[in-house]
Every structure is written in structure tokens, then in C-alpha cells.
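Biologist: I would like to learn how to read a helical model from its computed features. Where should we start?

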Amino acid sequence: MPDPVISSVAAVVAAKVAEAAVQGGKDACVALVRLVRERFGRDKEATAALEMARGDPEDEAAVAGLVQALERLVSADGDFAARIRELWPQVAAELSASEGGVVNSVTG
């Protein structure tokens, strides 16, 4: 069963990669997309999965392929995994805020 965080990251990256590049997006979303694109750039299979999902973010099979590629690279690269998990709460908060949600953030 796919990791729910990784599945969410894949869905956001598939939907936001073009938007973030064109509009600038929110800071954490842009950082997440940049992180994934940079890491995937060193892996042809992952790059192909990203391009398929980016081409049609509603295509469940394409997003599932992206999830698999992301899970494989997260498993193989601890630094990449840590950075994904560090950025995800910020991305989730940005997405919630941009959709009219209320975000409470507590740090320290």
C-alpha cells in the first residue's frame, strides 16, 4: 500500500509542476516541485513518470506511476526523503490556505 504522504506529494507535484513554473506559486509548493524535479532529473524512469503525470494530472495510472517512482527514490535516498517530509506540512498548509481553509501553525 502506497505511503499516503508520498501519494499526496505525487498528486500535488503532478498538478502543480506547470503552475508553479509559470505563476511562481507559493514558496513551499515551489520548493517541493523544484526538489522533486531536481532529484528526478538524475533518473530517466522517474523523469518519464513525472512527465506522464504532468501531461494529465487527472490520469490515475499516470499519477500511480509517479507515486511508484517517488516511493522508489524516497526509499533509496534518505536525504531526499527527509526533505520531502520536511516540506510536506508547509505545502499542505499552503494548499489549505489557498483553498479558503484556515491554517494554524505552531512551531518551537
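Modeller: Start with a definition: buried means under 20% relative accessible area, exposed over 50%, and partly exposed in between. Keep in mind that this is a predicted model. With those cut-offs, the face of α3 turned away from its buried side carries K44, M52 and G55 as exposed residues.

Biologist: Which residues of α3 are buried?

Modeller: A46, A49, L50 and A53 are the buried residues of α3. Viewed down the axis of α3, they fall within an arc of 100 degrees, so they line one face of the helix. The general idea is that an α-helix has 3.6 residues a turn, so residues three or four places apart point the same way.

Biologist: What span should α3 have, given its 12 residues?

Modeller: The expected span of a helix is 1.5 Å times one less than its number of residues. Helix α3 covers residues 44-55, and its 12 residues should span 16 Å; the end C-alpha atoms are 16 Å apart, which agrees. The check can be repeated on α2, where 14 residues should span 20 Å and the end C-alpha atoms are 20 Å apart, again in agreement.

Biologist: What is the overall layout of the protein?

Modeller: The protein has 5 helices and 0 strands, and along the sequence the pattern reads α-α-α-α-α. Of its 108 residues, 38% count as buried. Among contacts with a separation of 6 or more, 65% are between residues 24 or more positions apart.

Biologist: What happens at the start of α3?

Modeller: Look at D43, which sits in the loop between α2 (27-40) and α3. A side-chain oxygen of D43 comes to within 3.2 Å of the backbone nitrogen of E45. The D43 side chain also reaches the backbone nitrogen of A46, at 2.8 Å.

Biologist: Is D43 buried or exposed?

Modeller: D43 has a relative accessible area of 14%. Since buried means under 20%, D43 is buried.

Biologist: Which residues does D43 touch beyond its sequence neighbours?

Modeller: Not counting residues up to four places away in sequence, D43 touches R72 and L73. With R72 there is a polar contact between side chains, at 2.9 Å.

Biologist: How should I describe two helices that pack together?

Modeller: Two packed helices are described by the angle between their axes and the distance between the axes. Here, take α2 and helix α4 (residues 60-76): their axes come within 11 Å and cross at roughly 80 degrees. That makes α2 roughly perpendicular to α4. On the α2 side the contact is made by V36, R39 and F40, and on the α4 side by L66, A69, L70 and L73.

Biologist: How many of the residues of α2 are buried?

Modeller: Helix α2 is mostly covered, with 10 of its 14 residues buried. Among them are A28, V33, V36, R39 and F40.

Biologist: How does R37 read by the accessibility scale?

Modeller: R37, also in helix α2, has 37% relative accessibility and counts as partly exposed. The C-alpha atoms of R37 and V13 are separated by 9.0 Å, and these residues lie 24 residues apart along the chain.

Methods. Residues numbered from 1 in each chain as written. Predicted model: local features only at pLDDT ≥ 70, side-chain atom pairs only at ≥ 80, totals over all residues. Heavy atoms only, no water. Helix = DSSP H or I, 4+ residues; strand = E, 2+ residues; numbered from the N terminus. Buried < 20%, exposed > 50% of the residue type's maximum accessible area, 1.4 Å probe, protein only. Arc of directions from axis to C-beta. Polar contact = N/O pair within 3.5 Å; in protein donor to acceptor, adjacent residues only side chain to side chain. Contact = heavy atoms within 4.5 Å. Axes fitted to C-alpha atoms, helices over the stretch in contact; angles between N-to-C directions. Parallel < 35°, antiparallel > 145°, perpendicular 65-115°, else oblique.
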